[in-house]
Amino acid sequence: MASVEVKNISRSFGSFKALDNVSMYFEDGGFYALLGPSGSGKTTLLRMIAGFDYPDTGHIEMNGESVERVPLEKRNIGMVFQNYALFPNLSVFENVAFGLDVRGVAREETRNRVRKALELVQLGKLEDRKPHQLSGGQRQRVALARAIVINPRVLLLDEPLGALDKALRLDMQVELKRIQRETGITTVFVTHDQEEALTMADRIGLLKDGKLVEEGRPEEIYNRPKSLFAATFLGDANIFEGMSNERGITLASGETIAVAGEKPASGQTGCCAVRPERIRIVSGAQQELENVVEGRVERRLFAGNSTTLFVNHKERQIRVGVPNIGSLVPADGETVTLTWAAESTVPLARD
Amino acid sequence: MSKTTRFLSALGRGYVVLLLAFLYLPIFIMGLMSFNASPFYQLPMKWSTTWYEALSQDDRLVGAALNSLQIAIITTVIASILGTAASLAFFRYNFKGKKVLQTLLLPPIAIPWLITGTAMLVFFYGVGIGRGLHAILLGHVALALPYVIIVVNARLQTFAPELEEAARSLGASQWQITRRITLPYIAPGVIAGGLFAFAVSFDQFVVSYFLATPGQTTLPVEIYAAIRKGFTPEINAVSTIIIVISMALMLFTARFYKFGGNG
């Protein structure tokens, strides 16, 4: 097991900059998500840590040792592919044993380690099956066991849950987290699904256009995003744009949105974000917070655990998340008073 | 089923029966006549294995048949190995001129063997290879190679490159990957390609005819020479043996490669 550090990595394909001066530290035993839309460079970064591709400039270190010129087969990493890439002609046991066989591990030891790995992923009884006789979730577990059994320095997963249906995906999220914690292997996975990144990872690296936009714990990056991109890509956000001053940001309509925390210098244009679930609907004697606006409910979107209200306020539409806790949800056309704390309003840097 | 569908389905079945009759009837009759004692195809047939006995006494035909078999087997082995290696190179590497090379593989299949044969004769004569069994073998390998490459290549199209990447990430060397992952996967393609090579060589007349020397020849060339001297039912006998071997090979291939139809 090892810590991994990428330092100032750049990689171009023709005129396309896949990675642009990216630096990130992956602590020994940590669970990391590389999150971003397609074309953001997240997979390129993963493939570079694995050794499928080499950076044009920059360094990759494992435990402080430079590895960027070490070929893939000598890097001792465990890789799980999006389509699992199980060897179709080999049984489950043989698939998992492959990495030990090519290392010349003795037969007895191989058998013990394969059995242990299959137990870890709860597939003990299926070792004689061929990959085509397995379900998607089982294939995923075999791929995981095959990658773990070689005691890799780092475990790399490319969109590990992308091919599974929703219910299975939730199960596997819990499973992956358990397996990662039990083995303690430094793990990096690539995903375009923000929910997956938030639930599984200890830390998230957010990428866009080949650049690392933000890096931090899921709570940090979700509650206090620093950039417009982080605010809108991770979950939903109401964005307000205007002139910055001591109180907050004054919109074109003349209203001022109270903002807590570090704001852009007074007199400059700035923007801020507030998550829909941080906005409350108040009526009568209920206490109002720093920000208060009135509006008319335009439409509602029921999503099971919550309802999103689209509230028209002057020229603007504000999205409000109302948790489904049995309270009455305002009807379409109803006038409502919205309120939220300055604490919940996050100042953002422009991209 | 409506009346029209029933009629059309009967029509379709009838068509297939006619087609198969057209293909197999001449062969069937030839096989039958190889067991007819009369050299003039007299009916009713008198069952006999005379012509097979005569064939076994015919050193020229038997010798040519053994030559053919030997050349076909060696051609199969060489063309399969070289062709598979070439397909893997096309699959794994990107190099300058790859597209051109791949495209150039197709025309030799379309060029008439008569022309290829003439060209080979002139070329082999010019560079000192000359004629004989070794020249025939060389020519057959060249003819068979494109078939092997195309068939193996088709199989490789369904092979996910991630499988080789996964094997590499697990620490396997290029040779271990090829032997344990890639070759087992493309084996049906290699076998099918090999059988194609065998068929191209074993059935080859034109190129062999150009490159053969009088004493050293292959079965199709010898049959042609025999027919020119006068047709004997011995030819029916040897043809029947060849057909049985060829059909067995093709059915074997079909099982491996699922040519047309499923299963």
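Which backbone nitrogen lies 2.7 Å from a polar atom of the side chain of Asn291(A)? In this model, which is predicted, that nitrogen belongs to Ala258(A).

**Asn291(A) and its surroundings**

Asn291(A) is found in strand β16 of chain A, a strand that covers residues 291–302. With a relative accessible area of 2%, Asn291(A) is buried, and the residues that Asn291(A) touches, leaving aside those up to four places away in sequence, include Thr256(A), Ile257(A) and Ala258(A) as well as Leu338(A), Thr339(A) and Trp340(A).

**A helix inside chain A**

Helix α1 of chain A runs over residues 42–50, and because 7 of its 9 residues are buried, the helix is largely enclosed by the rest of the structure. The buried residues of α1(A) are Lys42(A), Thr44(A), Leu45(A), Leu46(A), Met48(A), Ile49(A) and Ala50(A). After α1(A) comes Gly51(A), which has a positive phi, near 110°.

A disulfide is a covalent bond between the sulfur atoms of two cysteines.

| Cysteine | Closest cysteine sulfur | Distance between sulfurs | Relative accessibility |
|---|---|---|---|
| Cys271(A) | in Cys272(A) | 7.0 Å | 1% |
| Cys272(A) | in Cys271(A) | 7.0 Å | 0% |

**Chain B**

The secondary structure of chain B consists of 12 helices and 0 strands. Its C-alpha atoms fill a box of roughly 70 × 70 × 30 Å, taken along the principal axes, and 37% of the 263 residues of chain B count as buried. When the contacts in chain B between residues at least 6 apart in sequence are considered, 72% of them join residues at least 24 apart.

**Where the two chains meet**

How many residues of chain A are in contact with chain B? There are 21 of them, and they are in contact with 15 residues of chain B. Between them the two chains bury about 1,800 Å², of which 62% is on carbon and sulfur atoms. Of the area that chain A buries against chain B, Glu73(A), Phe98(A) and Val102(A) supply 29%, more than any other three residues.

Glu73(A) also forms a salt bridge with Arg168(B), in which the closest N and O atoms are 3.1 Å apart, and the interface of chain A and chain B has 3 salt bridges. The count of residue pairs in polar contact between the two chains, with both residues at pLDDT 80 or more, is 5. On the side of chain A that touches chain B, β6 (77–80) and α2 (92–101) of chain A each supply at least two residues, and the largest share, 3 residues, comes from α2(A). The residues of this side of chain A divide into 13 nonpolar, 3 polar and 5 charged.

Technical notes
Residues are numbered from 1 along each chain as its sequence is written. Chains are lettered from A and ligands numbered from 1 in the order in which they are written. Side-chain values use heavy atoms; hydrogens and water are left out. Contact means heavy atoms within 4.5 Å. Buried area is the accessible area (1.4 Å probe) that two parts lose on being put together, summed over both. A salt bridge is a side-chain nitrogen of Lys or Arg within 4 Å of a carboxyl oxygen of Asp or Glu. A polar contact is a pair of N or O atoms within 3.5 Å; within protein, one must be able to donate a hydrogen and the other to accept it, and residues adjacent in sequence count only if both atoms are side-chain atoms. Helices (H or I, at least four residues) and strands (E, at least two) are DSSP runs, numbered from the N terminus. Ala, Val, Leu, Ile, Met, Phe, Trp, Tyr, Cys and Pro count as nonpolar, Asp, Glu, Lys and Arg as charged, and the others, Gly among them, as polar. A disulfide is a pair of cysteine sulfur atoms within 2.5 Å. Buried means under 20% relative accessible area, exposed over 50%, partly exposed in between (1.4 Å probe, protein chains only).
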